[in-house]
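Please consider the structure shown below. The explanation that follows goes through its charged contacts, its aromatic rings and one of its helices.

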Amino acid sequence: MAVQVKPLLSLTPIEVLPKFIKNLEDAAKFVKKLKETDPDIVSSAVNRSGSEDDHRMLHGGLIYLALTEPETRRTCLHDILLTSRDNLNYALSELTRLVAEAWPKMLQPVRKSMLAILAELIATRGANVDILVLHVFRRMPSGDLSSLNLWLIQSVLDLLIRNREWLEHEDRKPFLLPLAVYTFLRLIPDHLNGSPSSSSKGFDPAVSSTIATLFQRESNFVVETLRKDFDRCASIGRDLIRLLHPLSRTEPFQRLWNDIFNNISSLSNIHTSVNSVLDIATPQYFAQTLIPQDMEVWIRWMLRNVHCASGFPVRRYQEFFHKKFFSTQESLNLRVCLVRYIVNSFYPDNDMLASSLIPRWNVISWLISQCTCQTTCQSMKLALFFDWFFFKPNECIMNVEPAILAIANNLSSRFQPFGLVLVEYLTKTAANFCPALTERIAMSVRSGLEDMLRLGVIRSISPFLDILLRASPEIYRNFSSLIGPLVDSTLPIPSAIGPGCGSASTPIPVANEVGGGSGGGSTDDALAHSSALNLSAVNPSATGPPTDPRLRRHTLTSSTPKNGGPHSPPVLPPKPRPRSPSPDGCGRFSPPPIPYVDLSSSGVLSSADTKSQTPSTKPQKQSESKLQSSPLPSAVSPSVTPIREKLSALPNNFESFASPEYRIGPNSSGDSVQQRIDDLRRKFQFYQLRYLYKMKTDVDVNGLIGQFDGQIREDLENLASAAKAAGIFREAEAVIEETPASTPNSSSTDDAALTDMCEAMQGLIDSVLDDDFPDDLAVAGRIADIVCQLCLPLFDAAGGDWGSNGVANHRALATLLPSHLPITQEQIDASLASPVFVPLRNLCEMSRGNNKREILLLLLTEIQIRQPRIGYHLLYFLAVSTVNDEKMMAYRSFCASQENPNVVACLQRDMQLLADDNRFLFCYLLPTVWSVFSNDLANNTDFIRLIVGKIDPSQANYLVCEILRGHLNFFHRPNITDVLKASLDWTSMEQFFFWQLVNAHELPTKTFLPLISLVDGQKHPEACSHLLLLLQLEKPTNEVVRLLLSRGISNLNSTATSSTTDDLLSVTALHYWGCPGRLNAQRFAEILGSMINATVSGLRAAHDGEESASAAKKRNGVKSGSGLEHLSLLVSILTHLDCMRRKCRNIASEFSVYDVLFGATNLTVRFCCQ
């Protein structure tokens, strides 16, 4: 007879028992059967000599029986304690899983047994039940006054009171005691009034008495615990004050509230004022317990899957969520917990922020607008703004982001009255929350607003203030008084702030500006008569993806839609990160001013006169340009038109005005000419880097180092000293002005100086990772400025006018990247000794789970902004070093941390710079880079054009060899039609190299067939010639012949003898195949004959169909469409053949099968035309 056990869950007929509970049930049957043969579980063979799985089955069965059979519970627990080999870890994990996943379906006797088991385990004082207690706390939801929930709260409270000594013991996990206080503080407001709402039907006085008693017991427990262990409970952070706030006028909390604010020393030995408690941000594991598990699953699903797009049933999800969780009057307090959970515990990742998914501020706005109780509405607003009221610089901005975005987006939409209510609450609560904290709150509001502007959460507060001024002047005055002299409210936030221009922070504009709004009257009246917020009516794309790694900390890694589909609101691309200008001017970057050309009417000055006047006029012109400089990007120069008129009258020997070092004379050798061309190219590249990438070369290193203190300053000074000793950095004061062509003085130093610089760089990286700043953009930017300036010559020793820097050390010159093929291992080892690779090596060697890795990525991102060459240095390091990163995940992380996280765009930029700097190294790295990123770069026309546009014949030969040896494959995907089409618009040399690379891949001819109908012999001679060479090696087929015959025939009817009027591709290919004596001539004739026969047959069928048609169609002269199609094809065939007969001599002079074809088809054409 089969062993039977009692059920654990109450399931409907259509519900399936979870698999892990089914396993426990089978284990219980196994234990019952075991007890029939061996009643003593401890001495049984299963316990003494069983496997690990047998032992786990034994414990699982005992747990199941202890839960379902109360009479045997003590015996089962005794057996579990005596047979445990893992300190009860497995038993506790199964109990925790049951509470977390199966509690709502548990039978009530099973729940009582669960709490009894928990009490027994606590009584042992050896079981680590902290996590189990945490999940039991989560099963006591706020806003639920049902009898079952009240029973659970009372039972847990009794359990904690009986075991208060165990709860307060120092050996417990540090979160358990504060969590118990936190849990009951969120539950007490439900029990504060002593009964459910008076409007509820079926009001039971007994319930009121029970709730009143429960409230008194909870309050005494919380107050006594706080007074006895305030320092431990203060780890809750500022949420402790928020939860005590609605209870502050009720005894016994009133006296506790007064002591916290006025006499905190009587409670704490650590905290001297309430400010130190408010400085502690509430840890996330507290906020995660605010809502039950099923609500957490639903709200996370909505935030990850529901889109604000037209046609998306957003309202349906709102109504379902509201009906499931907020259908009762007692659930109001649960709304407050949900708002706090969204603010503190759910951080969307970058993909979610850039998509059309519901943003957090939108959900919170909907929750507040749906609330009908004014007291609860105020508590929800406090939960939204509380982190902003006590914000500290460099705190997580994601806790403040929903508040400012809720205000900004609602003010700029049709829900402007709701936005005004939020601003009014912000200003009034900041002034009246606590008189002693008014100034502190005002400072926090300003700090939070500054951080949000700096990190790009909002672009500017100007539109925000304009709307407030138009809609409610009183709220505008209060808000302006609150934020104080934060910024000029009439001007947008500046796009770039350089050193010495005030604030060192750099705003990153990402979000949209707040739009305009209509005027309004009283905000409370307007809100009272306004409808509930609709999520689908608000554009969620007011914020772009965060550009600071701080905004991506502790985010959720989930698969979310990249965008909302064809009906989603447009998501603006991130704007370029502004670069800091030079210290000389605190405005925007402008192109270099057009030099003033003074050409007198008497003639042009001689070169000697020019040389004699240049030194004396140079300082004057420099001073004039400084006096006339303006922050606006306008060139300081005279009108361009007179200059052009004077330049047109220049003599033929105008090249004499060229700079002497770049002047090419008749006796110049080829090497000297090439050298000067290379110098000009580098000079141009230097200006491109300076004005396109805003690369700075005149950073005040000593001034920036003086802004630091502590270990970072010491490491920066060591790095600067090592750079001076290595001969790659000299202070500006010690440098005599030199011309761009002058060579820096060389000094003989040994390898120790460069080694010291690497050690100093490593020390700096360690200090940055260990510092507390931890990821401030301003600090990282100043460090990046110093590093880039000190290592500037190591990126390119001959890169142009580097100001005070130059490579004076021959050992440092050896550390530059290899610049010629072949590249040897000695060159690689010497180049990797450069200090440039120290931070890159640290990045590659750090594990992806290391929290410090984001700080290093932030620093490298700031370095990339100032020195864009760092990107291809990282590619080079990954390609040639021994670091185990075959997939180059370090480079992908480096790209993801930048403003534009597109890997392909980063590769395009870095390889473009590498090709401009070092084409040899570009070709050397190309096989490795392409093999790693082949899926990203597959059939990328821009990248392929970059390759063919930068190489020369020798490098093309190198790439062809790599392709033939199997080291490189540009076209691993068969469909390259898009690349072929795009190549038709490239230059001749680019197409020449492109077809060389294509031919090296031995692609099938069918790959090129779509190109036959696109090329033109006059416009695309390169493609035509390569197509002819490909067709020459192929046998004629019906498909290819049909494509050739279907090309345009407008020029083929000409009787001119010039070949320029022919369709060279089709005529030449057909002539080659059909020339008498060729290998495929007969095959070609058969293909043509079959095509002509099929066409004639089609014409005859069409003609017969017309004869059998109705008389009306005959009188109207209507012809069948198929007949016209066959006739068009036949005319095309005959036109091509006639052109071949007339213009191809070796066919026209000999009798062949074409004469028969011409005669037959001409008769057919005449017949069809008649």
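Arg-713 has a relative accessibility of 32% and therefore counts as partly exposed, in a model that is predicted. The salt-bridge partner of Arg-713 is Glu-717, with 3.3 Å between the closest N and O atoms. Glu-717 is also placed in the partly exposed class, because its relative accessibility is 35%. Both residues belong to helix H33, which covers residues 710-726, and they are 4 residues apart, about one turn of the helix. This spacing can be read against the geometry of the α-helix: with 3.6 residues a turn, residues three or four places apart point the same way.

Is Glu-424 buried or exposed? Its relative accessible area is 16%, so Glu-424 is buried, the cut-off for that class being under 20%. Lys-428, by contrast, is partly exposed, because its relative accessible area is 45%. A further salt bridge joins the side chains of Glu-439 and Arg-446, at 3.9 Å from N to O. Glu-439 has a relative accessible area of 49% and is therefore partly exposed, since the exposed class begins over 50%.

Asp-709, Asp-766, Asp-770 and Asp-771 form a negative surface patch. Of these, Asp-766 is located in helix H34, which runs over residues 751-770. The relative accessibility of Asp-766 is 35%, so this residue counts as partly exposed.

The aromatic side chains come next. A pair of aromatic rings is described by the distance of the centres and the angle of the planes. The structure holds 31 aromatic pairs. One of them consists of Trp-930 and Phe-943: the ring centres are 5.7 Å apart and the planes stand at 45 degrees, which means that the pair is tilted. This pair links distant parts of the chain, with Trp-930 in helix H44 (residues 919-932) and Phe-943 in helix H46 (residues 941-950), 13 residues apart. Trp-930 and Phe-943 are both buried.

A second pair has another geometry. The ring centres of Phe-971 and Phe-994 are 6.3 Å apart and their planes lie at 90 degrees, so the arrangement is edge-to-face. Here too, distant parts of the chain are linked: Phe-971 is in the loop between helix H47 (953-964) and helix H48 (977-983), whereas Phe-994 is in helix H49 (residues 988-999), 23 residues apart. Phe-971 is buried because its relative accessible area is 5%, and Phe-994 is buried because the value for this residue is 0%.

How are these rings connected to others? Ring pairs link Trp-930, Phe-943, Phe-970, Phe-971, Trp-986, Phe-994, Trp-995 and Phe-1008 into a cluster.

The buried positions in H53 are Leu-1065, Ser-1066, Val-1067, Ala-1069, Leu-1070, His-1071, Trp-1073 and Gly-1074.

Notes: Residues are numbered from 1 along each chain as its sequence is written. This is a predicted model: local features need pLDDT of at least 70, side-chain atom pairs count only at pLDDT 80 or more; totals for chains, interfaces and linings use all residues. Side-chain values use heavy atoms; hydrogens and water are left out. Patches are made of residues with over 30% relative accessible area and no salt bridge: like charges are joined within 9 Å, nonpolar side chains (Val, Leu, Ile, Met, Phe, Trp, Tyr) within 5 Å. Accessible areas come from the Shrake-Rupley method with a 1.4 Å probe; for residues, only the protein chains shown count as cover. A salt bridge is a side-chain nitrogen of Lys or Arg within 4 Å of a carboxyl oxygen of Asp or Glu. Lys and Arg count as positive and Asp and Glu as negative; His and the chain ends are not counted. The place of a charge is taken as NZ of Lys, CZ of Arg, CG of Asp or CD of Glu. Helices (H or I, at least four residues) and strands (E, at least two) are DSSP runs, numbered from the N terminus. Buried means under 20% relative accessible area, exposed over 50%, partly exposed in between (1.4 Å probe, protein chains only). Rings of Phe, Tyr and Trp (its six-membered ring) pair if their centres lie within 6.5 Å; planes under 30 degrees apart count as stacked, over 60 as edge-to-face and the rest as tilted.
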